[in-house]
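Hello! Here is a friendly set of notes to read with the model open beside you.

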Amino acid sequence: MKILIVDDSLLDRKLLSKTLVNARVKHEILLAENGEAALGVIAENIDQIALMFLDYQMPNMSGVELMEGLVKVPSTAKVPMVMVTASSSEESKQAAYRVNPNLAGYIAKPYKPDEVISTIRPYVEFNAQ
């Protein structure tokens, strides 16, 4: 199984990826630098994606816009999605949950690694310590 991280910031993609590796997730980590690239990665790996991290604010296609399209397709709607954002406003959070009431989590940057792991624990497997 695989985890997809979609974020326009290379640093943020690396930080989140490192957090997952350090937590010993069993899944392969896929990276996409924007919504358009994510659609290609998803198309190639849809049967293997266990979880998606979506950056809220990206140019051209925001994480919310990407999620809006994904929840309309049965094969992607069932994949747990976690919104990662620099905006911790209640308004932004509500907007994300309106688009996807089944949102697996909403994490504000900067986040603590423990917050990420506790959010995804129900959806992914970890290697024994």
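1. **Before you start.** This is a predicted model, in which local features need pLDDT of at least 70 and side-chain atom pairs count only at pLDDT 80 or more, while totals for chains, interfaces and linings use all residues. Residues are numbered from 1 along each chain as its sequence is written, and side-chain values use heavy atoms, with hydrogens and water left out.

2. **Strand 3 and its partners.** Helices (H or I, at least four residues) and strands (E, at least two) are DSSP runs, numbered from the N terminus. Two strands pair if DSSP finds at least two bridges between them. Strand 1 and strand 3 run parallel and are joined by 5 bridges; here Lys-2 has Ile-49 of strand 3 as its bridge partner. Strand 3 and strand 4 are also parallel, with 4 bridges, and Met-52 stands opposite Met-81 in strand 4.

3. Leu-51 lies in strand 3 and is buried, with a relative accessible area of 0%. Contact means heavy atoms within 4.5 Å. Setting aside neighbours within four places in sequence, the contacts of Leu-51 include Lys-2, Ile-3, Leu-4, Ile-120 and Tyr-123. Pro-80 is 29 residues from Leu-51 in sequence, yet their C-alpha atoms are 5.0 Å apart in space.

4. **The nonpolar cores.** A nonpolar core is a set of buried Ala, Val, Leu, Ile, Met, Phe, Trp, Tyr and Cys residues joined through side-chain atoms within 4.5 Å. The largest one has 25 residues, and those with the most contacts inside it are Leu-4, Val-6, Met-52, Leu-54, Met-67 and Met-83. Which element gives the largest share of this core? That is helix 3, with 4 residues. A second, separate core has 18 residues, among them Phe-53, Ile-107, Val-116 and Val-124.

5. **The aromatic pair.** A pair of aromatic rings is described by the distance of the centres and the angle of the planes. Rings of Phe, Tyr and Trp (its six-membered ring) pair if their centres lie within 6.5 Å; planes under 30 degrees apart count as stacked, over 60 as edge-to-face and the rest as tilted. The whole structure holds 1 such pair. Its rings belong to Tyr-56 and Tyr-106, with centres 6.4 Å apart and planes at 80°, so the pair is edge-to-face. Tyr-56 is in the loop between strand 3 (49–55) and helix 3 (63–70), and Tyr-106 is in strand 5 (residues 105–108), so the pair links distant parts of the chain, 50 residues apart. Both Tyr-56 and Tyr-106 are buried.

6. **Two buried loop residues.** His-27 lies in the loop between helix 1 and strand 2 and counts as buried at 10% relative accessibility. A polar contact is a pair of N or O atoms within 3.5 Å; within protein, one must be able to donate a hydrogen and the other to accept it, and residues adjacent in sequence count only if both atoms are side-chain atoms. A polar side-chain atom of His-27 lies 2.9 Å from the backbone nitrogen of Glu-125. Asn-100, in the loop between helix 5 and strand 5, is buried too, with a relative accessible area of 5%. A polar atom of the Asn-100 side chain is 3.0 Å from the backbone nitrogen of Asn-102.

7. Most residues other than glycine have a negative phi, and most peptide bonds are trans. Arg-24 has a positive phi near 65° and is partly exposed, at 35% relative accessible area. Asn-60 has a positive phi near 70° and is exposed, at 71%. Lys-109 and Pro-110 are joined by a cis peptide bond, with omega about -5°.

Notes: Buried < 20%, exposed > 50% of the residue type's maximum accessible area, 1.4 Å probe, protein only.
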